[in-house]
Amino acid sequence: MKRYQFNEITTMQYIFLISGTQVGIGILSLPTQLADLANTDGWISIIIGWIISIIASTIIIKTMEKHEQDTIFDLSRRYFGRIFGAFIHIAFVAYASLASTTVIFTAIHIIQVWVLPNTPNYLIMMLFMLPGFLITRNGARVLGRYAEFVFYLTLWMPVLIAVPLQKGTILHMLPMLKEGWAPIIQSVKTTVLSFLGFELAFVFYPFLKEKKHAVKAMVIANSISAFTFLLITITCFIFFSPDEIPSLIWPTLSLLKTIEFSFIERFEVIFLSFYLFVMSTTGIPYIFTTVFGISQLIGKKDHTIILLVVVCIFIFTSFLYTPPFSHIQMMGSWWERYGLWGAYFFPIGLFIYTSIARWFQGGKKK
Amino acid sequence: MKKCMYVILCFFIATGCGIRTQLDELTLVLTVGLDEGKDGNLLVYSISPVFNKESKNIYEVIRTVGMTPRNGRSKANAFASGKIVGGKAQNIIVSKTFAKNHDMFSYLDVFFRDPKNSTTANFIVFDGPLKDLMYVRLDDKPRLSVAIRDVILTAHANKQTTKINMLDFRRSSLDRAQTPFAPILKVHKGDLVAGGIALFNRQRKYVGSLSQKESPYFAILKKNVKPATSLTFQTKELTKQKEYVSISIEHGDFSYKPSFRNGAFHFDVHMKLGVIVTELTTYIDMKKEKKKVEKWLAKEIQKQLESIVKKMQKYEVDPVGFGLYARAYEYKLFQKQKSWPKAFAKAKINIHPTVEIISYGVLQ
């Protein structure tokens, strides 16, 4: 029996949902983080990170395959029992809520710095929450449709980012492997984290209509993200000098500042307004995961009420608390530390555990 | 529920109205000038257009004394007819004396740090005290800020000077492998004149300049010959007469090959220039003497290029970016150099231009 028959998503929607979650706020600062560690060789570590994330997401799919109708929340209870399962359940919800909080507050901060310096925190939060609420309320299918729609809507953006390429020089990239492999391996840790988002396959896999395409879909989603990361990073490296990049917090946006038409200045403002769509496809799946997880925990089928509560908490928090940049960085580093465990180590552990458990169970049946 | 949503939506759309700003209540600064005052103070000039019909001038100049540009701007708010906004700046001008004595970077920080400021403004060095420029009366030109920009852009297109925006300036100042440069602007007999290139050293201080005559050659070294770089030579060596030949360089192929020998960098610069002869004040039989003329032109160009490279080495600056090639192809040795400009001053640079005459016009 299919549990989520009315909420199924197509393979395309699934791909865009996952890659939309991956491409978000990280990309705005990724070139700086890479240049800090590996100079202009950082792009190589994106490719390594891409391979690692494909491996990790394949492991997730392989784990989920055994129980096609289970999300991670059901799975944890099935394998770990009531108490320990609930513990993992709560941990995953906490992870998703940390991720959504980080994404939303970072997005608000960036908007305030670059576009709306005089608009108060809570007003932007309310504007974010309104579409967030409307989309999340309807579950996975609407989420998938939204992700696909946003993908087509923002297809022009990579083209625009490539415009400054002609003003830079490829000499900045040479020589390849300046300092050997060691700094590249070091910066893989950063790139691996920028691929965070595929772990939501834990939640969205049961909604996928054609399960046989799942691994292929994960590979494509990761590749779309890797292509985006590579494009932006290489453009930044070619355009800015290697000694300049570490001094920029958001090199991608500084890059856009240089695009100027005779009829419009400060193009990054328009870009950033559109980029809100991209950031929303990162934030909304995490909010959905949080809300969905909580409603499963307390055994409710409809998650609208919990969503309403969560939205109210977000808005209420923004009234009282305007995070300074240092707090946002801190949240980001928490998310990354947590994400490394949640998206890379946890799936591998889970895969091994479930395999062994099934082997034992299978042995009993025979 | 739905109706309720629409009402809320309308409310949100209206939020922007509370913090609007009207254009005529703003003072849009189009040009910012930095100069040194009498006691070493910083003089901040700002030129902004006036949209009021009743005022006699179409732009206003505000001068303040401050510690930093931002400090000066806050003080200028006391003078201005509206709130000062810097996002539309077209030109950032510093005077030569000011550039000589101060690290440009610490004064320009505000233009990069505050994202509301435009980083595509042109950076210009003014030869003389800035008040000469700020209070110049140009009756046959548009508003001063626009006139300054136009002069620089036209002169740049004709290779009489160069052009650099704030972002490029920052990039070349922070890069270890090159040093920044900027166009020079002058006021000559009440008219704006752009010509020559100001050179900055590693510490972002003005150290010297290339003249207007040397500017096209600087453009050639920077591989920037399009659209058409025009040069004029005296034909004394060729025809034993004081006559002239003008050519325009249409395209060029360049190759910079760095190497490291005997403790110094060597650069082999090869360039193939395709030229059109646009003027001949004497008769040269082009059919017969084409090869000879080509060779002679190449020699003349080589002489000029070598002299400006010498000049740059004397000042210990590398605005052309030879260091970029050194870093790309001789990375380990480049990293060993404590200061690239010093290494560049010792480098041997061999320039080998070859000239090919594509056409010599519609006359024989």
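**Which residues form one aromatic cluster in chain A?** A:F73, A:F92, A:Y95, A:F202, A:F204, A:F207, A:Y286, A:F288, A:F292, A:W335, A:Y338 and A:F346 form it. Before we look further, please note that this is a predicted model, in which local features need pLDDT of at least 70 and side-chain atom pairs count only at pLDDT 80 or more, while totals for chains, interfaces and linings use all residues. Residues are numbered from 1 along each chain as its sequence is written, chains are lettered from A and ligands numbered from 1 in the order in which they are written, and side-chain values use heavy atoms, with hydrogens and water left out.

**Close-up 1. An edge-to-face aromatic pair in chain B.** Over all chains, the structure holds 47 aromatic pairs. Rings of Phe, Tyr and Trp (its six-membered ring) pair if their centres lie within 6.5 Å; planes under 30 degrees apart are called stacked, those over 60 edge-to-face and the rest tilted. Helices (H or I, at least four residues) and strands (E, at least two) are DSSP runs, numbered from the N terminus. B:F169 is buried at a relative accessible area of 0%, and B:F200 is buried at 0% as well. Buried means under 20% relative accessible area and exposed over 50%, with partly exposed in between (1.4 Å probe, protein chains only).

**Close-up 2. Strand β7 of chain B and its parallel neighbours.** Five of the five residues of β7(B) (residues 122-126) are buried, so the strand is largely enclosed by the rest of the structure. B:N122, B:I124 and B:F126 point one way, while B:F123 and B:V125 point the other way. Strand β6 (residues 91-95) of chain B runs parallel to β7(B) and is joined to it by five bridges; strands count as paired if DSSP finds at least two bridges between them. Within this pairing, B:I93 has B:I124 as its bridge partner. Two bridges join β7(B) to β8(B) (residues 181-188), again in parallel, and here B:V125 is partnered by B:I184.

**Close-up 3. Strand β3 of chain B between β2 and β4.** Eight of the eight residues of β3(B) are buried, so this strand too is largely enclosed by the rest of the structure. B:L42, B:V44, B:S46 and B:S48 lie on one side, and B:L43, B:Y45, B:I47 and B:P49 on the other. β2(B) pairs with β3(B) in the antiparallel sense over six bridges, with B:T31 opposite B:I47. Their hairpin has five residues between the strands, and B:G40 takes a positive phi near 80° there. B:G37 is also found in the loop between β2(B) and β3(B), and is buried, with a relative accessible area of 17%. Eight antiparallel bridges connect β3(B) with β4(B), where B:Y59 is the bridge partner of B:P49.

**Close-up 4. The largest cavity.** Rolling a probe the size of a water molecule over the atoms shows where empty space is left. The structure holds three cavities of 30 Å³ or more. On a 1 Å grid over the protein atoms alone, a cavity is a set of points where a 1.4 Å probe fits but cannot get out, and lining residues have an atom within 4 Å of a point. The largest cavity has a volume of about 190 Å³, a volume being the space filled by probe spheres set on the points. It is lined by 18 residues, of which B:V29, B:V32, B:V44, B:P69 and B:R73 lie nearest its centre. The elements giving two or more residues to this lining are β3 (42-49), β4 (59-66), α2 (69-76) and α4 (104-113) of chain B. The largest share, five residues, comes from α2(B). By class, the lining has eleven nonpolar, five polar and two charged residues; Ala, Val, Leu, Ile, Met, Phe, Trp, Tyr, Cys and Pro count as nonpolar, Asp, Glu, Lys and Arg as charged, and the others, Gly among them, as polar.

**Close-up 5. The second largest cavity, lined by residues of chains A and B.** About 50 Å³ of space lies in this cavity. Chain A brings A:K257, A:I259, A:E260, A:E265, A:R266 and A:E268 to the lining, and chain B brings B:S118, B:T119 and B:T120. By class, one of the lining residues is nonpolar, three are polar and five are charged.

Definitions and conventions
On a 1 Å grid over the protein atoms alone, a cavity is a set of points where a 1.4 Å probe fits but cannot get out, and a pocket is an open set with protein on both sides within 12 Å along at least five of seven lines; lining residues have an atom within 4 Å of a point.
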